Amino acid sequence: MDKYECPCGYVYDPEVGDIENGVQPGTAFADLPEDWVCPLCGAEKEFFEKV
């Protein structure tokens with residue numbers, strides 16, 4: 001699965017997920033909830049770029 005990077009430098013890794021915000025490991029970026037935002041800066045998904 002692809003990783004996505006926020007302009008602030010945070011990288012969403014689907015193998016790790018975002019447990020603190022209710023996203024389980026194995027969750028693809030495309031499958032993140034619509035209201036999910038960067039846990040570091042609050043940027044919305046649309047600002048992330050595939051790395």
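Mentor: Strand S1 (residues 4-5) is joined to S2 by two bridges, and the two run antiparallel. Strands here are DSSP runs of E with at least two residues, numbered from the N terminus, and two strands pair if DSSP finds at least two bridges between them.

Trainee: Before we go on, what kind of model is this?

Mentor: This is a predicted model, where local features need pLDDT of at least 70, side-chain atom pairs count only at pLDDT 80 or more, and totals for chains, interfaces and linings use all residues. Residues are numbered from 1 along each chain as its sequence is written, and side-chain values use heavy atoms, with hydrogens and water left out.

Trainee: OK, back to the strands. Which residue in S2 stands opposite glutamate 5?

Mentor: That's valine 11.

Trainee: And in what order do the three strands sit in the sheet?

Mentor: S2-S1-S3, as an open sheet with antiparallel pairing. Strand S2 (11-12) and strand S3 (49-50) are at the edges with a single partner strand each, so one side of each has no neighbour in the sheet.

Trainee: What holds strands together in general?

Mentor: Strands of a sheet pair through backbone hydrogen bonds, either parallel or antiparallel.

Trainee: New topic: where does UniProt place the "binding site" feature?

Mentor: The unreviewed UniProt entry puts it at Cys6, Cys8, Cys38 and Cys41. They are spread over 36 residues of sequence yet cluster in space, with a largest C-alpha distance of 8.8 Å. UniProt positions follow the numbering used here, feature names are shortened, and annotations may be inferred rather than shown by experiment.

Trainee: Is cysteine 38 buried or exposed?

Mentor: Buried, because its relative accessibility is 3%. The cut-offs are under 20% relative accessible area for buried, over 50% for exposed, and partly exposed in between (1.4 Å probe, protein chains only). Cysteine 38 lies in the loop between S2 and S3.

Trainee: What does cysteine 38 touch?

Mentor: Leaving aside neighbours within four places in sequence, cysteine 38 is in contact (heavy atoms within 4.5 Å) with Cys6, Cys8, Tyr10, Ala43 and Phe48.

Trainee: And what about cysteine 41?

Mentor: Cysteine 41 is in the loop between S2 and S3 too, and at 46% relative accessible area cysteine 41 is partly exposed. Not counting residues up to four places away in sequence, cysteine 41 touches Cys6 and Cys8.

Trainee: Last one: where is glycine 26?

Mentor: Glycine 26 is found in the loop between S2 and S3 and counts as partly exposed at 45% relative accessibility. With residues up to four places away in sequence not counted, glycine 26 touches Met1, Pro14 and Glu15.

Definitions and conventions:
Helices (H or I, at least four residues) and strands (E, at least two) are DSSP runs, numbered from the N terminus.
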